[in-house]
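Hi,

Here is the structure I promised to send over. Have a look at it first, and then read on for my notes.

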Amino acid sequence: MAETTVAEVMAELAELEDPKVRAVNERHGDDHGVNLGKLRAVAKRLKTQQDLACRLWETKDTAARLLATLICRPRAFERDELDAMVREARTPKVHDWLVNYVVKKSPHSEDLRLAWSTDPDPVVASAGWALTTERVTKKPEGLDLAGLLDVIEAEMKDAPDRLQWAMNNCLAQIGIDHAEHRARAMDIGERLEVLKDYPTPPGCTSPFAPIWITEMVRRAG
């Protein structure tokens, strides 16, 4: 029954494949051609199905893995399962959805945050930094924010792209959410100039930390 269901889902995803969507996604390192709005509609219809989610993940197909993150039960995964999944999630979108939709809702998120943040694999480390950024905003108690800024100041400039992006997010969030560290966060951003020249569409906020911090603080009034 489950295998038939997987086959049906894979056939549906194949029908949704759009060469134009794939061309855009591949420029960002994502090898799938399914419109994400349509993918979410499939997930909404399927609802939560943990067994099906696990079987879709096992296909290693990017669109199927994205769908799996939407229909799984995050709290059902063991710590080591999530660790293995993050290491397997090599495309940026699968990695991003896995961290944001699954790991952040897991009871193992703090344990994994600590383990991943210093992992030698920069993509795995970026997941740890994403979880740290979540805590900076929602549960900063117990975090050494000054210590995090020390690490960012020392390592962000030369970090690989995805790790650098995650560290920059953390830098900006510290500056936005914690006024006592804002001046230092701004200063680190100004000196390191990470993402200073990042092409930003009209109406969007630059990811360059000083601009991002200033704008978000302004909006908060």
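In which loop does Lys 47 lie? Before I answer, please keep in mind that this is a predicted model. Lys 47 sits in the loop between helix 3 (36–46) and helix 4. Most residues other than glycine have a negative phi. Lys 47 has a relative accessibility of 58%, so it counts as exposed.

Lys 60 also has a positive phi, near 65°, and is likewise a residue other than glycine. You will find Lys 60 in the loop between helix 4 and helix 5 (62–71). With a relative accessible area of 64%, Lys 60 is exposed.

Next, helix 6, which spans residues 79–88. Its buried residues are Leu 82, Asp 83, Met 85 and Val 86. Because these residues cover an arc of only 165° around the axis, they lie on the same side of helix 6. An α-helix has 3.6 residues a turn, so residues three or four places apart point the same way. As for partners, the buried residues of helix 6 pack against helix 4 (50–58), helix 7 (92–102), helix 8 (109–117) and helix 9 (122–138).

I looked at one of those pairings in detail. Helix 6 and helix 8 pack at an angle of about 40°, and their axes are 11 Å apart. The two helices are therefore oblique to each other, and helix 6 passes helix 8 in a right-handed crossing. On the helix 6 side the contact is made by Arg 79, Leu 82, Asp 83, Val 86 and Arg 87, while helix 8 contributes Asp 111, Leu 112, Ala 115 and Trp 116. Sorted by class, this contact has five nonpolar and four charged residues, with no polar ones.

Leu 82 turns up again in the surroundings of Ser 106. Ser 106 is in the loop between helix 7 and helix 8. Is Ser 106 buried or exposed? Its relative accessible area is 4%, so Ser 106 is buried. Leaving aside residues up to four places away in sequence, Ser 106 touches Pro 74 and Leu 82.

The other helix pair on my list is helix 9 with helix 11. Their axes come within 8 Å and cross at roughly 10°, and helix 9 and helix 11 are therefore roughly parallel to each other. Among the residues of helix 9 in this contact are Pro 122, Val 123, Trp 129, Thr 133 and Val 136. Those of helix 11 include Arg 162, Leu 163, Met 167, Cys 170, Gln 173 and Ile 174. By class, the contact of helix 9 with helix 11 has ten nonpolar, six polar and two charged residues.

Finally, take a look at His 181, in the loop between helix 11 (161–177) and helix 12 (182–192). At 17% relative accessibility His 181 counts as buried, because the cut-off for buried is under 20%. Not counting residues up to four places away in sequence, His 181 touches Leu 145, Ala 146, Leu 149 and Ile 174.

Best wishes

Conventions. Residues numbered from 1 in each chain as written. Predicted model: local features only at pLDDT ≥ 70, side-chain atom pairs only at ≥ 80, totals over all residues. Heavy atoms only, no water. Helix = DSSP H or I, 4+ residues; strand = E, 2+ residues; numbered from the N terminus. Buried < 20%, exposed > 50% of the residue type's maximum accessible area, 1.4 Å probe, protein only. Contact = heavy atoms within 4.5 Å. Arc of directions from axis to C-beta. Axes fitted to C-alpha atoms, helices over the stretch in contact; angles between N-to-C directions. Parallel < 35°, antiparallel > 145°, perpendicular 65-115°, else oblique. Left-handed = near helix turned anticlockwise from the far one by under 90°. Nonpolar A, V, L, I, M, F, W, Y, C, P; charged D, E, K, R; others polar.
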